[in-house]
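Subject: Structure handover and notes

Dear colleague,

Please find the structure below, followed by my notes on what came out of the analysis. I have kept the cut-offs next to the terms they belong to.

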Amino acid sequence: MQAIVTHLEGFPVERARAACRRASFYGYRGLKTILVRALDLEPLPEVAAPTGSPQESFRFTRSATELLNLDLEITDEPN
């Protein structure tokens with residue numbers, strides 16, 4: 001974490017913030033790559049507000065039904 005902060009200090013504050021926004025938007029951890037390739041200078045895509053149920057807006061989550069229907073092995077033995 002400290003290495004990222006140190007690297008960000010070498011860039012103007014606005015570029016560092018833009019790189020963090022881009023990394024957050026795409027769920028990407030490569031801040032150094034974003035800054036080296038100047039991807040932080042490109043605008044982020046316009047995203048429409050999600051429609052439908054809140055569950056449809058989450059990309060990588062399971063529904064409550066999937067989580068509650070897990071077949072768990074029940075034993076009396078300690079772990």
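This is a predicted model: local features need pLDDT of at least 70, side-chain atom pairs count only at pLDDT 80 or more; totals for chains, interfaces and linings use all residues.

Residues are numbered from 1 along each chain as its sequence is written, and side-chain values use heavy atoms, with hydrogens and water left out.

Overall picture

The protein chain has four helices and zero strands, which gives the pattern α-α-α-α along the sequence; helices (H or I, at least four residues) and strands (E, at least two) are DSSP runs numbered from the N terminus. Of its 79 residues, 14% count as buried, where buried means under 20% relative accessible area, exposed over 50%, and partly exposed in between, with a 1.4 Å probe and protein chains only. Among contacts (heavy atoms within 4.5 Å) with a separation of 6 or more, 19% involve residues 24 or more positions apart.

The core

The largest nonpolar core consists of seven residues, namely Leu 8, Ala 16, Ala 19, Ala 23, Leu 31, Ile 34 and Leu 35, and at least two of its residues come from each of helix H2 (13-26) and helix H3 (31-36). Such a core is a set of buried Ala, Val, Leu, Ile, Met, Phe, Trp, Tyr and Cys residues joined through side-chain atoms within 4.5 Å. Once neighbours within four places in sequence are set aside, Ala 19 is in contact with Leu 31, Ile 34 and Leu 35, and also with Asp 40.

Asp 40 is found in the loop between H3 and helix H4 (64-68), and it counts as buried because its relative accessibility is 7%. Not counting residues up to four places away in sequence, Asp 40 touches Arg 15, Ala 18, Ala 19, Arg 22, Ile 34 and Leu 35.

Two salt bridges were counted, each being a side-chain nitrogen of Lys or Arg within 4 Å of a carboxyl oxygen of Asp or Glu. One joins Arg 15 and Asp 40, with the closest N and O atoms 2.7 Å apart; this pair links distant parts of the chain, since Arg 15 lies in helix H2 and Asp 40 in the loop between H3 and H4, 25 residues apart. Another joins Arg 17 and Glu 14, with the closest N and O atoms 3.6 Å apart, and both of these residues lie in helix H2, three residues apart, or about one turn of the helix. Arg 17 is partly exposed, its relative accessible area being 49%.

Other local features

There is one aromatic pair, formed by Phe 25 and Tyr 26, which is edge-to-face with 4.9 Å centre to centre and 85 degrees between the planes. Under the rule used, rings of Phe, Tyr and Trp (its six-membered ring) pair if their centres lie within 6.5 Å, and planes under 30 degrees apart count as stacked, over 60 as edge-to-face and the rest as tilted. Phe 25 is partly exposed at 36% relative accessible area, as is Tyr 26 at 47%.

Finally, Ala 38, in the loop between H3 and H4, has a positive phi of about 60 degrees although it is not a glycine.

With best regards
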